[in-house]
Amino acid sequence: MPSAPDSDLDSDVRTRIRQQEVVAELGQQALETDDLDRLMHDATAAVAETLDNEYAKVLELLPGGDELLLRRGVGWQDGLVGDATVPTERGSQAGYTLLSEEPVVVEDLRTEERFSGSELLIDHDVVSGISVVVGSVEEPWGVLGTHATDRREFTEHDANFVKSVANVLASAVENTQTERRFEAIFEDPNILVGLLEPDGTVVDINETAMEYVDATLSDVTGEPFWETPWWGNGDDVQSDVRRWTERAAAGEYVDFEADLTRPNGERYTLSGYFRPVKNDDDDVVSIIVSDRDVSERKKRERQLRKSEQRYRTLAENFPNGIVTMFDADLRYTLAAGRAFEDLPVSPNHVEGERVRNVWPNEVGDALEAAFRAALDGETRAVEIEYADREWVVRVVPLTDDGGAVFGGVTMAQDVTERKARERELERALDLLNKTERIAEVAGWEVDPETMEPYWSDHLFDLLDVSYDEQPSLEEALDVYHTEEDRKIVENAIEEALESGTPFDVETRFPRPKGDVGWLRIQGDPEVENGEVVTLRGALQDVTERKAREQRLEELIDRLEASNERLEQFAYAASHDLQEPLRMVSSYLQLLESRYDDVLDDDGEEFLAFAVDGADRMREMIDGLLEYSRVDSRGDPLEPVDLNRVFEEVVADLQVRIGETDTEIVVDELPRVEGDANQLRQLVQNLLDNAITYSGDDPPRIRVEADRRGRKWTISVHDEGIGIDPDDQDRIFEVFQRLHSRGEYSGTGIGLALCQRIVERHGGRMWVDSELGAGSTFSFTLPAAD
């Protein structure tokens with residue numbers, strides 16, 4: 001009695017033998033049957049039974065490639081086979097299988113990480129299985145799969161078994177598709193088809209071919225193909241056919257064309273090929289002869305050649321364009337014209353080619369559509385862009401003496417310059433119309449000979465004048481407010497017509513709303529040979545501008561008065577306020593020196609507070625004085641070297657820099673247009689602030705410049721205590737402080753002064769900062785070059 005391992009070995013052998021038997025049986029069935037669906041059903045049943053699985057399926061890839069159809073299978077719920085579909089995305093088992101050369105084995109779908117199961121599998125409680133692509137990964141036909149509802153460990157032999165069955169199905173599918181293609185060709189009423197043995201003996205001929213000869217299929221079956229009635233009795237054609245057959249029997253594809261005669265004497269032309277059919281050993285087992293009756297095409301080609309001769313001379317001398325002719329196959333038979341000299345293609349490149357093979361995609365699409373329309377009898381004009389030029393192509397059908405269309409002719413003209421002029425004119429007119437309405441400007445013209453004016457449409461609207469036709473000169477002059485206003489315009493026109501010089505005058509007119517407005521009237525005479533041939537001009541309602549100018553003049557007067565008062569206040573602050581303050585400071589110092597021994601601690605403290613307050617008052621008055629005089633007492637702007645300005649400021653701050661261990665790095669700085677003294681004050685304030693607000697660490701300051709157009713941006717970076725974003729606008733206001741005087745000294749006017757200096761130079765100033773992350777103060781100045 002065999003041991004248990006020997007028993008398991010025998011079982012494995014029997015299983016493998018059975019699998020091989022199933023593959024052989026299915027292979028034999030594939031050779032003997034043309035019922036592909038029955039083969040697929042039997043294959044799924046055999047796979048499921050052999051592997052002891054509940055389910056098996058054949059999925060067919062649908063057109064578009066997005067889904068697979070459950071073509072055949074066993075075990076599935078009723079109604080699903082032939083109707084259910086599964087997706088092919090990469091994350092599905094079916095999609096994964098289509099991309100896999102080897103079988104895809106799943107031991108437990110519930111824990112599978114490579115992909116997810118389809119609804120078809122999940123709804124049937126599938127746990128394990130094997131899937132194999134039917135066909136190649138490059139050109140898959142579908143998927144063969146088998147599944148079980150329990151966890152299974154399939155062997156490598158199981159996977160190879162399913163793959164072998166898939167290969168049988170792939171071969172059957174390919175054979176079926178080949179047979180169907182051959183049947184479709186063989187039964188095509190427009191194609192003459194013959195099947196030959198390798199030695200040229202006729203096996204079969206389709207009905208279409210038999211209609212061309214006075215014989216039956218039995219008459220030609222078994223005969224050498226070159227001796228059949230199609231080729232007549234002449235040795236020349238028969239020898240050609242024999243030679244073509246022998247070349248095909250040697251494995252060569254042979255194209256041919258032959259002029260033949262029907263039994264009734266009618267001439268016709270066949271065009272086709274001899275194609276060898278080979279087995280897996282690359283031996284030729286049969287020959288397929290496939291050809292078409294191209295008599296009509298040949299007739300049209302002859303007619304086209306005749307027309308071509310008539311058109312060629314015209315085409316070769318066609319100016320500013322090209323002329324082409326094409327046949328019913330959309331193939332160019334003629335191409336000529338002087339425009340080819342400037343194109344990247346030549347007439348030789350075009351002739352003989354199909355329209356699609358000559359021109360880029362969009363051009364080819366447009367031309368092909370027009371060509372096909374011409375073959376249907378339509379005349380079309382197509383606008384295209386090619387070789388950086390614009391073209392209008394007119395496509396006209398060509399007809400024979402009976403009116404049948406056999407081709408077409410095209411005439412393409414280069415219209416680039418014309419189109420450019422048209423676009424320019426359209427843009428100019430559109431711009432003129434929009435400009436007139438947006439700017440409240442209208443055009444006018446006066447003919448020097450007739451003295452008749454012409455108004456643009458907007459001029460009627462602007463003056464609220466309704467005329468059924470253009471006004472006379474008298475009527476045109478009557479629109480002005482007074483006789484004085486009329487004379488201004490009348491005299492300006494007369495002077496321009498006499499001297500040929502332009503004019504620009506302003507006058508009043510009654511506005512539609514009932515008030516009096518202002519018009520600006522400009523005239524520009526056109527002079528030829530010393531005589532004015534026309535006078536054109538523009539008229540603009542400048543009432544609002546005049547009102548703004550008046551308001552601006554009044555505002556300037558008020559600003560000048562305000563500045564004058566500010567100057568007076570600054571003088572009072574520098575003289576009248578500082579004198580009493582100096583007296584207070586002097587007496588406080590006198591008290592401190594004389595009664596120092598008399599005052600107790602509180603008295604000395606009170607006296608110190610008074611002295612400090614007086615000093616701070618003096619600093620604030622000095623700062624306010626500087627702030628008020630930025631615009632009025634500054635020097636003229638001139639080229640200033642910022643490198644020198646920073647060097648001078650750093651030298652002035654050298655003592656403080658040394659005491660605080662400050663490090664300042666200054667990049668190469670530009671020359672700017674500025675007031676050197678004010679720029680020095682600006683830089684000193686910024687560096688002083690950077691040192692003051694450095695925090696506990698030694699100050700680290702970096703200065704850099706960046707050019708943007710006509711402006712330089714100067715940035716001063718520090719690593720100090722930073723500024724809260726909510727406070728960054730306040731720091732540029734006069735007397736605004738973010739810290740108490742016990743923390744940091746200062747008047748609160750330094751940054752306001754910096755900003756005003758920058759604004760005087762036509763720039764702007766801002767800060768980028770966060771608490772604890774340092775600050776970057778930036779400002780712009782005009783470049784000196």
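**Figure 1. Strands S2 and S3 pair in an antiparallel sheet.** Strand S2 (residues 67-74) is joined to S3 by 3 bridges, and the two run antiparallel. Two strands count as paired if DSSP finds at least two bridges between them. Leucine 69 has threonine 85 of S3 as its bridge partner. This is a predicted model: local features need pLDDT of at least 70, side-chain atom pairs count only at pLDDT 80 or more, and totals for chains, interfaces and linings use all residues. Residues are numbered from 1 along each chain as its sequence is written, and side-chain values use heavy atoms, with hydrogens and water left out.

**Figure 2. The open sheet S3-S2-S1-S6-S5-S4.** The sheet has 6 strands, with antiparallel pairing. Strand S3 (85-87) and strand S4 (104-106) stand at the edges. Each has a single partner strand, so one side of each lacks a neighbour in the sheet. Neighbouring strands are turned by 25 degrees against each other on average, direction ignored. Strands (E, at least two residues) and helices (H or I, at least four) are DSSP runs, numbered from the N terminus.

**Figure 3. Helix H2 packs on this sheet.** Helix H2 (residues 36-50) touches strand S1 (55-61), S2 and strand S6 (140-148). Contact means heavy atoms within 4.5 Å. The direction of H2 makes about 70 degrees with that of S2. Aspartate 35 caps the N-terminal end of H2, with a side-chain oxygen 3.4 Å from the backbone nitrogen of aspartate 37. Just after H2, aspartate 52 takes a positive phi of about 60 degrees. Among the buried residues of H2 are Leu36, Leu39, Met40 and Ala43. Buried means under 20% relative accessible area (1.4 Å probe, protein chains only).

**Figure 4. The open sheet S18-S17-S21-S20-S19.** Here 5 strands pair in the antiparallel sense. Strand S18 (453-455) and strand S19 (503-510) are the edges. The twist averages 25 degrees from one strand to the next. Strand S20 (residues 516-528) and strand S21 (residues 531-541) share 10 bridges. In that pair, arginine 520 stands opposite glutamine 540.

**Figure 5. Histidine 761 sits in a loop.** The loop lies between helix H23 (750-760) and strand S27 (765-769). Histidine 761 counts as buried because its relative accessibility is 3%. The side chain of histidine 761 reaches the backbone nitrogen of aspartate 675 at 2.9 Å. Leaving aside neighbours within four places in sequence, histidine 761 is in contact with residues including Leu637, Glu673, Lys711 and Pro782.

Key. Buried < 20%, exposed > 50% of the residue type's maximum accessible area, 1.4 Å probe, protein only. Polar contact = N/O pair within 3.5 Å; in protein donor to acceptor, adjacent residues only side chain to side chain. Axes fitted to C-alpha atoms, helices over the stretch in contact; angles between N-to-C directions.
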